[in-house]
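Good morning, and thank you for making the time.

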Amino acid sequence: MNDPSRFTATYEIRPCADESAEARARDITLEQTVELPAAVVPEAIAATMVGRVEALEPIEAGVWQARISYPLAAVGEELPQLLNVLFGNISLKHGIRLVDVEWPEVLLATFGGPGTGIAGIRALTGVHDRTLVATALKPMGLSARELAEYCRAFAVGGVDIVKDDHGLANQASAPFDERLLRCQAAVTDVNAAEGTSAQYFPNVTAPWPTMMARAEAARAAGCRGVLVNAWVTGLDALAALREEFGLALMAHPALTGTYFRPDHGIAAELLLGDIFRIAGADAVIYPNHGGRFGFSGALCERINDHLRRPLAGLRTALPVPGGGISVDSAGDWARRYGHDTVLLIGGSLYAQQDLAAGARMLNDAIRQAV
């Protein structure tokens, strides 16, 4: 399809026993645009606004692939509406899986993508020749002072990015403002003493006015990046933070897992690899193969590819696989995923009696892999 006024999405559809694939595909074209039966749609609207089935073919028993084009006019240059057109009403149905989108350059230019990207995060950390290392401050319930001591130990050990765990918010045990100041001060002190460039990324996830205030406080404290639970806040939070503060944005995938069913939802490489990146994420966390969430190795590789592949001039973003990575296996993962990756290591690092020494071991393993 070469019509510059339209863009194409690909779905896997699993029709019910009493339904044809053609009927299911036509239903998607209407449901995602005019939300009316075809018989009552005015002819001019049907010709310009309704989705079109561009191709439909079986790919395995009971499963069909449908390529459906939508008018750019239906999106109106707004990211929430783009998501609504791609998978809004049909998310409430069954047997439909969005697996690919042929992104038009005009939409990519409108949404902007990463503000910092891989090159920017490498510049922040001063690391240009190896896989980066990150860890998360946890567990919830520790005091701000205790979390800051962990932060200091990780920075001393050479961890490039120490982020808040995605569950650290504004609990009474470690209020955001106190945690921010203590943890950033710890990293600043270590960097000054060691000549390093470790970064602390606080979690600014919150209702919008509070989120923006926390991001401003993070920038004022000296942070160069933040963590955002992007699907929880709404993806437009990424663009707002990018435009307002110029901070590097690490996106956490909390709440997205409900979409990753094999028979209904959105392909993980499309949601985490393309959509998060297009919305403005500079780095995207996902559950690594071998961890407790069940992503396959092939799926992880696809997410990596989508985050780093050329996409109409958008900056590339860093994959941040987490879970299933230990101090002992880090070198193997660095070799497998390559330099433009952030290995997020939590439990295995906390299991070391000396956190700083454990972090040094981790970095040694990655350097040897290089």
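I begin with a helix pair: Ala330, Gly331, Ala334 and Arg335 in helix 13 meet Leu362, Ala365, Ile366 and Ala369 in helix 15. Contact here means heavy atoms within 4.5 Å. Helices (H or I, at least four residues) and strands (E, at least two) are DSSP runs, numbered from the N terminus. Please note that this is a predicted model, in which local features need pLDDT of at least 70 and side-chain atom pairs count only at pLDDT 80 or more, while totals for chains, interfaces and linings use all residues. Residues are numbered from 1 along each chain as its sequence is written, and side-chain values use heavy atoms, with hydrogens and water left out.

How do the axes of helix 13 and helix 15 cross, and within what distance do they come? The axes of helix 13 (residues 330-337) and helix 15 (residues 355-369) cross at roughly 40° and come within 8 Å. That angle makes helix 13 oblique to helix 15. Axes are lines fitted to C-alpha atoms, for helices over the stretch in contact, and angles run from 0 to 180 degrees between N-to-C directions. Angles under 35 degrees count as roughly parallel, over 145 as roughly antiparallel, 65 to 115 as roughly perpendicular, and the rest as oblique. Helix 13 passes helix 15 in a right-handed crossing, a crossing being right-handed if the near helix is turned clockwise from the far one by less than a right angle, and left-handed if anticlockwise.

A second pair is formed by helix 8 (residues 208-221) and helix 10 (residues 236-245), whose axes come within 11 Å and cross at roughly 40°. Helix 8 is therefore oblique to helix 10. Their crossing is right-handed. On the helix 8 side the contact includes Trp208, Met211 and Ala215, and on the helix 10 side it includes Asp236, Ala240 and Phe245.

Five strands form an open sheet with mixed pairing, in the order 2-3-1-4-10; two strands pair if DSSP finds at least two bridges between them. Strand 2 (52-60) and strand 10 stand at the edges with a single partner strand each, so one side of each is left without a neighbour in the sheet.

Within the sheet, strand 1 pairs with strand 3 in the antiparallel sense over eight bridges, and phenylalanine 7 has tyrosine 70 of strand 3 as its bridge partner. Strand 1 is also antiparallel to strand 4 (residues 96-102), over six bridges, with threonine 10 opposite aspartate 100 of strand 4. Strand 4 and strand 10, by contrast, pair in the parallel sense over two bridges. There, isoleucine 266 in strand 10 is the bridge partner of leucine 98.

Helix 1 (residues 21-31) touches strand 1, strand 2, strand 3 and strand 4, and its direction makes about 140° with that of strand 2. Helix 11 touches strand 4 and strand 10, and its direction makes about 40° with that of strand 4.

Is strand 1 covered on one face or on both? Both faces are covered: Arg6, Thr8, Thr10 and Glu12 are buried on one side, and Phe7, Ala9, Tyr11 and Ile13 on the other. Buried means under 20% relative accessible area, exposed over 50%, and partly exposed in between (1.4 Å probe, protein chains only).

Helix 5 (residues 117-125) has seven of its nine residues buried, so it is largely enclosed by the rest of the structure. Just after helix 5, glycine 126 takes a positive phi of about 75°.

Lastly, the backbone. A cis peptide bond, with omega about 5°, joins lysine 138 and proline 139. Proline 139 lies in the loop between strand 5 (132-137) and helix 6 (144-156). Glutamate 77, although not a glycine, has a positive phi of about 60°, and at 54% relative accessibility it counts as exposed.
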